[in-house]
Amino acid sequence: AHSKTPLQLTSGWQVRDFLSARDVATGIMAVAKKSPPPVRQAAIYNLGSGRACPVRRIVQEVVRELGLKVDLRFGQKKATEGEPGFLVADRRKARRELGWAPRENLSHAVWRLAQGSFPGLHLREPVEKSRLR
């Protein structure tokens with residue numbers, strides 16, 4: 001959008017689970033603060049939105065929510081060999097044991113990043129809170 005060139009993408013039918021870096025950081029902090037700390041065996045917590053969504057749809061949502069004017073060209077780029085078709089976190093254990101859940105809307109996280117990286121790009125600010133609690 002900043003360079004006003006079309007964005008060449010894969011088909012976008014891969015299913016993923018996107019999360020803001022801020023939400024990942026709060027999840028890591030929740031593990032670090034867990035009391036008592038694991039002694040004998042390491043615990044594994046999946047941090048993710050838990051929302052299974054095709055990449056295509058996520059990209060389209062972010063573009064729409066930010067009011068971006070960008071030409072999305074799905075299918076113009078070849079997918080990486082061996083890339084999994086489905087990759088989504090099961091966040092139930094993190095919710096149950098840590099009380100952790102994503103809080104930030106992904107579009108808002110992208111908006112914050114763009115504000116610092118491309119100050120001349122005029123974007124609409126999306127809602128901050130995630131609907132994924």
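This briefing covers the overall build, the nonpolar cores and a handful of individual residues.

The model is predicted: local features need pLDDT of at least 70, side-chain atom pairs count only at pLDDT 80 or more, and totals for chains, interfaces and linings use all residues. Residues are numbered from 1 along each chain as its sequence is written, and side-chain values use heavy atoms, with hydrogens and water left out. The protein has four helices and four strands. Of its 133 residues, 32% are buried.

**Overall build**

- The order of elements from the N terminus is β-β-α-β-α-β-α-α. Helices (H or I, at least four residues) and strands (E, at least two) are DSSP runs, numbered from the N terminus.
- Along the principal axes, the C-alpha atoms fill a box of roughly 55 × 35 × 20 Å.
- Among contacts with a separation of 6 or more, 82% join residues 24 or more positions apart. Contact means heavy atoms within 4.5 Å.
- Buried means under 20% relative accessible area, exposed means over 50%, and partly exposed lies in between (1.4 Å probe, protein chains only).

**Surface and charge**

- The accessible surface is about 9,000 Å². Carbon and sulfur atoms hold 55% of that surface. Areas come from the Shrake-Rupley method with a 1.4 Å probe; for residues, only the protein chains shown count as cover.
- There are 25 positive and 12 negative side chains. Lys and Arg count as positive, Asp and Glu as negative; His and the chain ends are not counted.
- The centres of the two charge sets lie 3 Å apart. Each charge is placed at NZ of Lys, CZ of Arg, CG of Asp or CD of Glu.

**Nonpolar cores**

- The largest nonpolar core has six residues: Val62, Leu66, Trp111, Ala114, Leu121 and Leu123. Helix 2 (55-66) and helix 4 are the elements that give two or more residues to this core.
- A second, separate core has five residues, including Leu19, Tyr45, Leu98 and Trp100.
- A nonpolar core is a set of buried Ala, Val, Leu, Ile, Met, Phe, Trp, Tyr and Cys residues joined through side-chain atoms within 4.5 Å. In soluble globular proteins, nonpolar side chains tend to be buried together.
- Ala114 touches Pro119 and Leu123, leaving out residues up to four places away in sequence.

**Ser20**

- Ser20 sits in the loop between strand 2 (15-16) and helix 1 (21-33). Ser20 counts as buried because its relative accessibility is 2%.
- The side chains of Ser20 and Glu104 make a polar contact of 3.1 Å. A polar contact is a pair of N or O atoms within 3.5 Å; within protein, one must be able to donate a hydrogen and the other to accept it, and residues adjacent in sequence count only if both atoms are side-chain atoms.
- A polar atom of the Ser20 side chain also lies 3.0 Å from the backbone nitrogen of Asp23.
- Beyond four places in sequence, Ser20 is in contact with Glu104, Leu106 and Ala109.
- Ser20 and Arg103 are 83 residues apart in sequence, yet 8.8 Å apart C-alpha to C-alpha.

**His108**

- His108 belongs to helix 4 (residues 106-117). With a relative accessible area of 3%, His108 is buried.
- His108 touches Glu125, Pro126, Val127 and Glu128, not counting residues up to four places away in sequence.

**The N-terminal stretch**

- Lys4 lies in the segment before strand 1 (7-8). A relative accessible area of 72% makes Lys4 exposed.
- Lys4 has a positive phi of about 60° although it is not a glycine. Most residues other than glycine have a negative phi.
- Gln8 is in strand 1. At 45% relative accessibility, Gln8 is partly exposed.
- Gln8 is in contact with Arg73, Gln76 and Lys77, leaving aside neighbours within four places in sequence. Gln8 and Lys78 are 70 residues apart in sequence and 9.6 Å apart in space, C-alpha to C-alpha.
- Thr10 is in the loop between strand 1 and strand 2. Thr10 is buried, at 16% relative accessible area.
- Not counting residues up to four places away in sequence, Thr10 touches Phe74, Gly75, Lys77, Lys78 and Ala79.
- Thr10 and Ser49 are 39 residues apart in sequence and 22 Å apart, C-alpha to C-alpha.
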